[in-house]
Amino acid sequence: VDLYGIPDNYGDGLVAPHLLDRLPFFRAREAMRAWRRVLKPSGHLVVYCNDFGHVMKDQLRSFDQERWGVAINSLYGVTEWIMDDFPLESRRGEYKQLLHKDVFWYGKVKWLLEDTGFYDIQLKNGFQHAWTFDLPFPPRNRQQRVPKLVMTAKNGKRVHHRDTSHVPNIVHFIYGLSPDFGGRPFDIIQYLAVKSAYDVWKPRTIYFYHVYEPSGFWWEKARPYLTLEKVEDVTEIYGNPVTHFAHKADVIRLRVLKERGGIYMDMDAIALNPMPELFDFEFVMGEEGVEGEYGMCNAIMMGKPNATFVNRWLEEYKTFDSSSWGGHSIELPKRLAKEMPDALHILNYRRWFWPLWGEADLEYMFEGTGYDWSFNYAVHLWESKAYQYIEKLSVEYIRSVDTNFNVAVRRFLDDI
């Protein structure tokens with residue numbers, strides 16, 4: 001279902017016959033995300049499977065001796081009889097396996113399609129002729145018409161329109177700007193960033209911008225949630241050289257937010273709670289430290305396309321100096337916030353960036369207990385300062401040890 005051998009935006013159409021029934025529910029969602037990935041924008045999807053509601057109605061209208069064969073075939077997927085070498089009578093009541101892992105009806109499939117980013121969903125019910133070989137009593141081998149759920153949809157990766165009334169519910173990640181990935185491979189923290197954004201904020205699309213694509217176990221787990229976009233390496237801006245991968249990421253995130261709007265997250269940021277009240281503001285940043293003592297942090301930002309604050313921020317890169325580490329990423333937005341207060345909504349420091357990066361704060365986050373995460377929309381992990389804690393994280397440790405961090409994120413590992 002992952003379609004890893006097929007590139008992104010590959011086809012105009014995809015037909016998925018009798019696949020959903022054979023997948024557990026969470027795998028059905030993964031399959032639909034993979035279908036979206038390989039389809040071109042507005043590409044067509046056709047999916048059909050057994051219609052649980054119609055099948056059950058059909059059974060209630062049937063004679064007792066007819067209903068069980070169709071029910072077993074259509075609902076449970078008993079289709080792998082060993083019939084070539086043995087007559088049916090000698091294997092009555094036996095089968096190799098139940099192929100179907102879930103049941104589907106119109107509302108359920110429609111929700112799945114919408115949740116994974118499809119639109120223009122249409123119902124086109126149909127019938128398929130099926131032989132009911134499994135009847136343990138006469139009449140056997142009778143062909144019946146089995147109701148099928150047939151639905152069509154279009155890929156939600158449409159040409160982006162400018163909805164200036166709300167921040168678009170899309171998420172942007174940037175990773176892999178250097179070939180060695182900063183010496184730290186795509187790991188459990190990066191997976192948690194992706195999965196938390198998907199589960200908590202339910203974005204239409206999660207974009208993953210990269211120069212070098214990662215690999216490994218956690219990348220394979222995260223990839224189905226993502227829409228990959230390979231970008232050109234940023235080497236200069238307004239003629240000023242850009243050499244460090246962190247500064248390159250600073251430029252890319254601003255350009256992406258200007259073009260598409262949405263939510264930007266560093267790959268060591270974890271979404272924790274919904275934030276619907278923020279989608280009406282033109283641009284949102286959070287304080288780093290109490291009352292923004294250390295500036296405005298750009299590890300999480302959100303805004304509408306072509307926001308005034310972002311446009312001005314990019315213009316200021318005419319004076320970019322790579323020797324100043326946080327000059328244009330933290331100090332500059334703090335200054336601009338004072339100059340143009342109407343263009344920026346400032347979040348309390350606890351909403352996105354608390355606990356902070358001090359040693360006592362990090363120890364409390366990764367080893368302490370008792371913190372109430374209900375006020376946090378998200379949390380930034382300050383990976384470069386917290387790596388001594390992050391490098392020892394594992395699925396088993398997160399599930400079994402009750403620290404503030406582990407309690408907050410273990411729900412995102414349910415599918416692992």
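Does phenylalanine 186 count as buried or exposed? At 5% relative accessibility, phenylalanine 186 counts as buried. Here, buried means under 20% relative accessible area and exposed means over 50%, with partly exposed in between (1.4 Å probe, protein chains only).

A quick word on the model: this one is predicted, so local features need pLDDT of at least 70 and side-chain atom pairs count only at pLDDT 80 or more, while totals for chains, interfaces and linings use all residues. Residues are numbered from 1 along each chain as its sequence is written, and side-chain values use heavy atoms, with hydrogens and water left out.

## The whole protein

You're looking at 14 helices and 16 strands. These are DSSP runs numbered from the N terminus (H or I, at least four residues, for helices; E, at least two, for strands). Of the 416 residues, 52% count as buried.

Take the contacts (heavy atoms within 4.5 Å) between residues at least 6 apart in sequence: 74% of them join residues at least 24 apart.

## Rings that pair up

The structure holds 21 aromatic pairs. Rings of Phe, Tyr and Trp (its six-membered ring) pair if their centres lie within 6.5 Å; planes under 30 degrees apart are stacked, over 60 edge-to-face, and the rest tilted. Phenylalanine 186 and phenylalanine 208 make an edge-to-face pair, 6.3 Å centre to centre with 65° between the planes. Phenylalanine 186 sits in the loop between strand S6 (170–174) and helix H5 (188–201), and phenylalanine 208 in strand S7 (residues 205–210), so the pair ties together parts 22 residues apart in sequence. Phenylalanine 208 is buried too, with a relative accessible area of 0%.

Now for another pair: the rings of phenylalanine 366 and phenylalanine 405 have centres 5.1 Å apart and planes at 45°, so this pair is tilted. Phenylalanine 366 belongs to helix H11 (residues 359–367) and phenylalanine 405 to helix H14 (residues 404–409), so parts 39 residues apart in sequence get tied together. Both phenylalanine 366 and phenylalanine 405 are buried.

## Spaces inside

What about gaps? There are two cavities of 30 Å³ or more. On a 1 Å grid over the protein atoms alone, a cavity is a set of points where a 1.4 Å probe fits but cannot get out, and lining residues have an atom within 4 Å of a point. Grid points are joined across faces, edges and corners, and a volume is the space filled by probe spheres set on the points.

The largest cavity holds about 130 Å³ of space. Its lining has 14 residues, with Arg33, Arg36, Thr116, Arg204 and Tyr225 nearest its centre. Helix H1 (25–38) and S7 are the elements that give two or more residues to this lining, and H1 gives the largest share, three residues.

Methods. On a 1 Å grid over the protein atoms alone, a cavity is a set of points where a 1.4 Å probe fits but cannot get out, and a pocket is an open set with protein on both sides within 12 Å along at least five of seven lines; lining residues have an atom within 4 Å of a point.
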